[in-house]
Amino acid sequence: MILDLPYNFHWVEPREAARSAQAYAGFLRPFLQAHGIRGVINLRGSNPGHLWWRYETRICARAGIVHCDVKLNSRQLPAQATLVSLIDAFDAMPRPFLLKCSGGQDRTSLAAALYLLHRNGWQELAKAEMQFARWPYLHLPHKNQRWLRLFPQFANEQACQTSLRDWLATTYSARSFRDWLERGGEGASFRGLYGVPGSAPKR
């Protein structure tokens, strides 16, 4: 489809889960309908004060497409509740569904990787890590976004073969991830813990 390139559209699992950027070019309804999308997970969170969010939710409502907001920050480490909410959204969404953020490059890469690990287990780690590829996904992280690509490795090491959802719900914390990054020399790969004031990495 002509909008696939400007929307950075790709299938994560064919006809089951896809990923893309924000629909800044308009034509959202025909774009979603062309791919048979039945659900949208917006990784930018609820933003009723912004035109793009009102447009997106209005189009989804008119087209009968389920819309869900999950707030991720590409520069701050995610809270446990946020990631559990994301996994729950994966399970609740009708298929196929779309994962999207602003550029479809960073937060969407993380969400797509987590979807594969949730769906298929830790044997999919290599495939999940490919969701952070420069091509075709255009993942070119800034200094404080490098943690995104490291999260699947951290999760795999810490979960000890526990399922991703069970590990997230019972064990994961942003502070433990921060400590792991700092021990590995990646203390500058993030800007802080999301929603926790004064949690910026040490310099």
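Modeller: Let me start with P96, which sits in the loop between α3 (80–92) and β6 (97–100); helices (H or I, at least four residues) and strands (E, at least two) are DSSP runs, numbered from the N terminus. This is a predicted model, where local features need pLDDT of at least 70, side-chain atom pairs count only at pLDDT 80 or more, and totals for chains, interfaces and linings use all residues. Residues are numbered from 1 along each chain as its sequence is written, and side-chain values use heavy atoms, leaving out hydrogens and water.

Colleague: Thanks! What kind of peptide bond joins R95 and P96?

Modeller: A cis one, with omega about -10 degrees. The bond from W135 to P136 is also cis, with omega near 10 degrees.

Colleague: Why is V40 called buried?

Modeller: Buried means under 20% relative accessible area, exposed over 50%, and partly exposed in between (1.4 Å probe, protein chains only). V40 has 2% relative accessibility, so V40 counts as buried. V40 lies in strand β3 (residues 39–42), and its contacts (heavy atoms within 4.5 Å) include L32, C60, I65 and M93.

Colleague: And why is L138 partly exposed, but C160 exposed?

Modeller: L138 has a relative accessible area of 35%, so it is partly exposed. C160 reaches 61%, and therefore counts as exposed.

Key: Lists of a residue's contacts leave out its neighbours within four places in sequence.
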